[in-house]
Amino acid sequence: MLKGKHIILGITGSIAAYKAAMLCRLLVKEGAEVRVVMTPLAKQFITPLTMATLSKHPILVEFFNPENGEWNSHVSLGEWADMMLIAPATANTLAKMATGIADNLLMTTYLSARAQVAVAPAMDLDMYAHVTTQQNLRTLAERGVAIIEPQDGELASGLVGKGRMAEPEEIVEQIKGLMAKKVDKTLSSKRYIVTAGATIEAIDPVRFITNHSSGKMGYAIAEELALRGAEVTLITGRTTLATPRGVKRVDVVSAEDMYNAAVEAWREADGGIMCAAVADYTPVAVADHKLKKSDDDMRIELKRTKDIAKELGASKEGRILVGFALETDNEAANAEDKLQRKNLDFVVLNSLRDKGAGFQGDTNKVTIIDRQGSTEHPLMSKREVASIIVDKIESINNR
Ligand code: PMT
């Protein structure tokens, strides 16, 4: 898959730079031609000699060679590349990418690159969680940069949390996936909204009601739609996931917020995929102070939230609307009821009785139900489920 592909490997000043050696080796082993561009600080973490030996080419750091004035053209490097991968990508480099600061060869190459760009962030957990870093990642994802998520684990600081660069093998797999996914832009004239994740219903300033949705299923759908060229608005509850590339993300908290954002986006949309786990009930009143405990039991009065899917279904006017059904019993009957009641084109049923299905994990097992009948699918990755759902949307478009 990577045979003969031109890959720029950008390395920045992080302790994870030592993993870039293995990464480079794996890319070369896959048949890729790799040119390494390092930031000046990266040279403190891994030597140019190591990277030049592994990539079989001199590494590039400066705009020109001070000895003989030879110019390292970032423009032709950018044109040469089929893929630009920055691994590790520090918080500093991500911030420069988001704001267009071109103060080293890696940054000027990034700004000149026409190819797909991917970054594998690596930093301490607090730097990664910082609102600025998260905002920068979101900005980059919205502009089409693929974010290879860091992992949870022990960090160089001794702290434990999210910020460890993904392992080289995982990065190579994702790069292969990105290169393979140069799919036809069959949905390029379409606009879709996707809801994802869990809503949060406040009880008081401290407590809330929510559920186990991680957002993974909805994010995979948003990513698949965007890959096929659609304009996607992802309306999302709280999640730790990175924004899929090319997707416009709208963050919401409560079911009411999600309803408002979805109704607004629906005006311009050609379709919607309702994957969020939306609270069906919310507290009647939200206390403005922390509720104090006493020796008595407590009762919280709940009222119904608005049903987003049902509302969009009522104003469908020929557009496509897909719903999910998360069930624990009486699965098919409940899903069929949702299909009719919410005026959906089809329902994606997942049951918590199936191992590996539903919340949190990377897999799902679904049955797709429409007015013609139902199709049961085996356990597969959420990415594959997303692909099946988008195939079905396309087949409805083509009717
Ligand atoms: O996020 P993950 O961890 O990857 O988990 C994925 C998932 C299990 C959340 C997902 O696959 C899923 O099943 N999503 C729908 C969960 C759900 O709330 O199902 P439901 O059967 O209660 O709702 C039926 C449909 O109505 C859903 O499309 C839901 O988005 C929609 N709905 C529900 C209530 C409401 N107030 N508004 C809605 O739009």
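**Close-up 1. Strand β8 and its neighbours in the predicted model.** In this predicted model, 5 of the 6 residues of strand β8, which covers residues 191-196, are buried, so the strand is largely enclosed by the rest of the structure. Strand β11 (residues 231-236) runs parallel to β8 and is joined to it by 6 bridges, with T195 standing opposite I235 of β11. Strand β13 (residues 271-274) also pairs with β8 in the parallel sense, here over 4 bridges, and in this pairing Y192 stands opposite G271.

**Close-up 2. Helix α8 and its buried face.** Helix α8 comprises the 13 residues 168-180, which at 1.5 Å a residue should span 18 Å, and this agrees with the 18 Å that separates its end C-alpha atoms. The buried residues of α8 are P168, I171, V172, I175, K176, L178 and M179. Viewed down the axis of α8, these buried residues fall within an arc of 160°, so they line one face of the helix. An α-helix has 3.6 residues a turn, so residues three or four places apart point the same way. Among the elements that cover the buried residues of α8 are β1 (6-11), α1 (18-29), β3 (83-89), β4 (116-121) and β5 (146-147).

**Close-up 3. The surroundings of the ligand.** The ligand is surrounded by 29 residues, of which S213, S214, M274, K338 and N350 are the closest. In the side chain of S214, an N or O atom is 2.6 Å from an oxygen atom of the ligand. The backbone also takes part: an N or O atom of the A276 backbone lies 2.7 Å from an oxygen atom of the ligand, while a backbone N or O atom of I308 lies 3.0 Å from a nitrogen atom of the ligand.

Conventions
Residues are numbered from 1 along each chain as its sequence is written. This is a predicted model: local features need pLDDT of at least 70, side-chain atom pairs count only at pLDDT 80 or more; totals for chains, interfaces and linings use all residues. Side-chain values use heavy atoms; hydrogens and water are left out. Buried means under 20% relative accessible area, exposed over 50%, partly exposed in between (1.4 Å probe, protein chains only). Helices (H or I, at least four residues) and strands (E, at least two) are DSSP runs, numbered from the N terminus. Two strands pair if DSSP finds at least two bridges between them. The expected span of a helix is 1.5 Å times one less than its number of residues. The arc is that of the directions from the helix axis to the C-beta atoms. Contact means heavy atoms within 4.5 Å. A residue is near a molecule or strand if one of its heavy atoms lies within 4 Å of it. A polar contact is a pair of N or O atoms within 3.5 Å; within protein, one must be able to donate a hydrogen and the other to accept it, and residues adjacent in sequence count only if both atoms are side-chain atoms.
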